[in-house]
Amino acid sequence: MSIRLLPPEVADKIAAGEVVERPASVVKELLENSLDAGAMEMRVEVVEGGRRLIRVIDDGHGIPAAEVKLAFARHATSKLQTADDLNRITTLGFRGEALASIAAVAHVTMLTRHVDEPIGTQIRLRGGAIVSHERRGAPPGTTVTVEHLFFNTPARLKFMRRPATEAAHIQNVVTRYALAFPQRRFSLLSDGRLVFQSTGSGDRRDVLLKMYGVDVAREMITIEPREHYGVRVYGYISQPSVHRANRSYVTFFVNGRWIHDSSLSYAVIQAYHTLLPQGRFPIAVIFLEMPPEKVDVNVHPTKAEVRFQDARAVFRAVERVVRGALVAHAEVPSIRPLDSHAPDWAERRQALLQAGREEAPVQGELALPHLDVERKPPLTPGIEASHAPRGEDALPALRVVGQIGASYIVAEGPEGMYLIDQHAAHERILYEEMMAHRVNGDVPRQQLLEPISITLPPTLAVLAEAERDRLAALGFDLEPFGPNTFLLRSVPAILSRGDPRQTLEDLLHSLEGERHLVDQAKEEALIRSICKRAAVKAGQPLSMAEMEEMIRRLERCRSPRTCPHGRPTMIHISTHQLAREFGRR
Ligand code: ADP
Ligand code: MG
């Protein structure tokens, strides 16, 4: 064959193939455009993993009517003017290829209105050709709908995976960007179901919680921003006790751009050196910031690979920061019994406890709401085990010294002083006790003397009806009793002190905010709210006996060091630290 120029449709399809590998690539490109357009809220809708439909709705600045057609032309971009601009790119897009590529291999509809224009534009394309273009009323912002993806590239179509797999890839993309831009709100609907939503609170922990669930999220170590070799590094990494079977849980962002870099992944894994079992990998989300001219983002059509001017420096910065965070984390809960003190601590504590008793006689009944897991024999053997302290997170036996500010308990352990936040610690205790009861199906409940009739606002009534079983399992027995009205027959025992009506309404309100969560996460959120309400407040004076009981129950917790919301329950100041502070070492 002699050399010929490819016809434009063929060239377009080839180029499109580089940008649009699968439905998730479409979502990525569209989200990047929305982010570049300053959108604060982005809603992604997909049907059948994006095979049938992908839609991204944003409230960004939109496209002026006169430029809508141009936006779909290859190499048409508003983000670059000169070749020189390529050296300092601050937007996510810059190649002017995405819309053209997507349109080349799908049916695309865009409805957009520029903020400064009174009316919007709707354009439809099929396989790259414009089929309609008209003025249309629309709110400011842009909605892009992509249907029949790969309809004209049968090879690609064949390589698409099951809708569930494609949907998972899409969710990956959306959650990653939600993490990178915590001030903006993202939501993802898959086949009509809300599967992810970020609040835009600016707190990345909120996003992590939704990505990985409470259990993993609370085990993540926060890396505060640190600069090495001109690279600012921050993020979240898993404690060595949490690991995964592959390295795909290590994620990087460079100046807000999600990138893949196997060498940097290796830097993270290397930092865990020996801390992880063979063949296991950490979870990490690492943000890198550096001057844009130090990184070339124009390496690959998907912009997911970058080239660093000084790759070694970046590698070393990542490795150092991650290692530093791991070491620091291991030092804080320095729970290993200190060799010299350990043997006699048990004895010493006993003696001290005895002494404490004489000074502070137990007065009356304990005021602490109690779930009392231990008095009842466990129904299933597993529960007992789950309440025994385990692993490196276990607390040593502590001796209560006193209370500060009616909010913090001061305690002594084999390795120094512990300051314990009474509210957070109590939340943790109640949470684990309630979870254990939940597994057994025997959450203690308080029957009300008279059932209370409660009329709820309609949205809460619908929610109460939908969640009746879940609420019942946690101690709220609700019986429908006329329109929007229920009879409340019992409440969880730990909430028996409060006003049952108010308690139920408050919980339903908080549950309303957790609509996006799926079953188990929803239940955990509900249990957290219950425990938060029931836990002793800051500012409440506690007797010695109450504090001792609290500490004893905390010692039995699986994760005594954090409250169910992931905040620390205690600060530990080691004997060593004390000595150093006093200049004794
Ligand atoms: P690039 O993002 O690399 O510039 P694209 O093909 O993705 O190229 O988009 C082309 C142009 O269309 C962008 O430069 C931008 O001006 C405009 N555009 C695309 N999507 C949006 C959007 N959601 N909001 C506002 N403008 C957009
Ligand atoms: Mg783009």
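Strand β18 and strand β22 (residues 570-574) run antiparallel to each other and pair over five bridges; strands count as paired if DSSP finds at least two bridges between them. This is a predicted model, in which local features need pLDDT of at least 70 and side-chain atom pairs count only at pLDDT 80 or more, while totals for chains, interfaces and linings use all residues. Residues are numbered from 1 along each chain as its sequence is written, chains are lettered from A and ligands numbered from 1 in the order in which they are written, and side-chain values use heavy atoms, with hydrogens and water left out. Helices (H or I, at least four residues) and strands (E, at least two) are DSSP runs, numbered from the N terminus.

**Strands side by side**

- Look at β22 to find isoleucine 573, the bridge partner of methionine 417.
- Strand β18 (residues 416-421) also pairs with strand β17 (residues 408-413), again in the antiparallel sense, over six bridges.
- Between β17 and β18 there is a hairpin, which joins them through two residues.
- Tyrosine 418 in β18 has alanine 411 standing opposite.
- As a handy general point, side chains in a regular strand alternate between the two faces of the sheet.

- Side chains of opposite charge can pair when their charged atoms come close.
- The whole structure holds 23 salt bridges, each being a side-chain nitrogen of Lys or Arg within 4 Å of a carboxyl oxygen of Asp or Glu.
- One of them joins the side chains of glutamate 41 and arginine 185, at 2.9 Å from N to O. This pair links distant parts of the chain, 144 residues apart: glutamate 41 is in strand β1 (residues 41-47) and arginine 185 in strand β7 (residues 185-190).
- Another salt bridge connects glutamate 289 with arginine 232, whose closest N and O atoms are 3.1 Å apart. Glutamate 289 belongs to strand β13 (residues 284-289) and arginine 232 to strand β10 (residues 231-238), so the pair ties together parts that are 57 residues apart in sequence.
- Aspartate 506 sits in helix α15 (residues 500-512) and arginine 533 in helix α16 (residues 519-534), 27 residues apart.

- Salt bridges link Lys28, Glu29 and Glu32 in a network.
- Glutamate 41 is partly exposed at 34% relative accessible area, where buried means under 20%, exposed over 50% and partly exposed in between (1.4 Å probe, protein chains only).
- Arginine 185 is partly exposed as well, at 35% relative accessibility.
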